[in-house]
Amino acid sequence: MSAEQNPTPEAESAGPAGPRPGRLIAAAALTALEGLALVVGGAWMLVEGFVGDPDDRRSAVTGGITLIVLALLPLLATRGLLGRRGWSRGPAVITQIMALPVAYNLLQADSVAIPAGIALGVVAIAALVLLVNAATTQALGIKGPGRTQEPGK
């Protein structure tokens, strides 16, 4: 077998050559924004749990730790998107799908959470559109179902 038919792991992880499409960068930026928001929210809950006067200290600390751990998914996906790794689209899409019910619940609140729900919903939908865009898919080296490598490539 030739090297073209059996690529090395370094060649597979490098992603396609050329500049990153703007849509890929925008999707990575939105995913990073969500990850950073989870870190900030988790840190706020932890601080509130330790030094504030929460109704339930254990729940505040547990919630804060959970948010910080959940932030790893979009932050790792962002790194993969910027590195043009094909695997990164899955976690990024999962992050957006998980954000939609959260946005809906925020919209049901009778408080200042409504603008946050609108913002989260807009970011999640925009990121989903960017992640399934053909330019993004091609930049990540993802082939559609049933598509095989063309002869001669």
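The model is predicted. The chain contains 7 helices and 0 strands, and its elements run α-α-α-α-α-α-α from the N terminus on. Of its 153 residues, 28% count as buried.

**Nonpolar surface patch**

- Ile65, Val69, Leu72, Leu76 and Trp87 make a nonpolar surface patch of about 520 Å².
- Helix H3 (57-70) and helix H4 (72-82) are the elements that give two or more residues to this nonpolar patch.
- Leu72, a member of the patch, is found in helix H4.
- The relative accessible area of Leu72 is 49%, so this residue is classed as partly exposed.

- The buried residues of H4 are Pro74, Ala77, Thr78, Gly80 and Leu81.
- These residues lie on the same side of H4 because they cover an arc of only 165° around the axis.
- Leu76 and Arg79 are exposed on the other side of H4.
- Leu76 also takes part in the nonpolar surface patch.

**Backbone at Arg84**

- Arg84 has a positive phi of about 60°, although this residue is not a glycine.
- In general, most residues other than glycine have a negative phi.
- Arg84 is located in the loop between H4 and helix H5, the latter covering residues 89-107.
- With a relative accessibility of 8%, Arg84 counts as buried, since the limit for that class is under 20%.

**Pairs separated in sequence**

- Arg58 and Leu46 are 12 residues apart along the chain, and their C-alpha atoms are separated by 9.8 Å.
- Arg58 has its place in helix H3 and, at 70% relative accessibility, counts as exposed.
- Ile94 and Pro74 are 20 residues apart in sequence, with a C-alpha to C-alpha distance of 8.7 Å.
- Ile94 lies in helix H5, and its relative accessible area of 43% makes it partly exposed.
- Ala127 and Gln96 are 31 residues apart along the chain, and a distance of 7.0 Å separates their C-alpha atoms.
- Ala127 is placed in helix H6, which comprises residues 113-131.
- The relative accessible area of Ala127 is 0%, so Ala127 is buried.

Key
Residues numbered from 1 in each chain as written. Predicted model: local features only at pLDDT ≥ 70, side-chain atom pairs only at ≥ 80, totals over all residues. Heavy atoms only, no water. Patch = residues over 30% accessible without salt bridge, like charges linked within 9 Å, V, L, I, M, F, W, Y side chains within 5 Å. Areas by Shrake-Rupley, 256 points an atom, 1.4 Å probe, with all protein chains shown as cover. Salt bridge = Lys/Arg side-chain N within 4 Å of Asp/Glu carboxyl O. Helix = DSSP H or I, 4+ residues; strand = E, 2+ residues; numbered from the N terminus. Buried < 20%, exposed > 50% of the residue type's maximum accessible area, 1.4 Å probe, protein only. Arc of directions from axis to C-beta.
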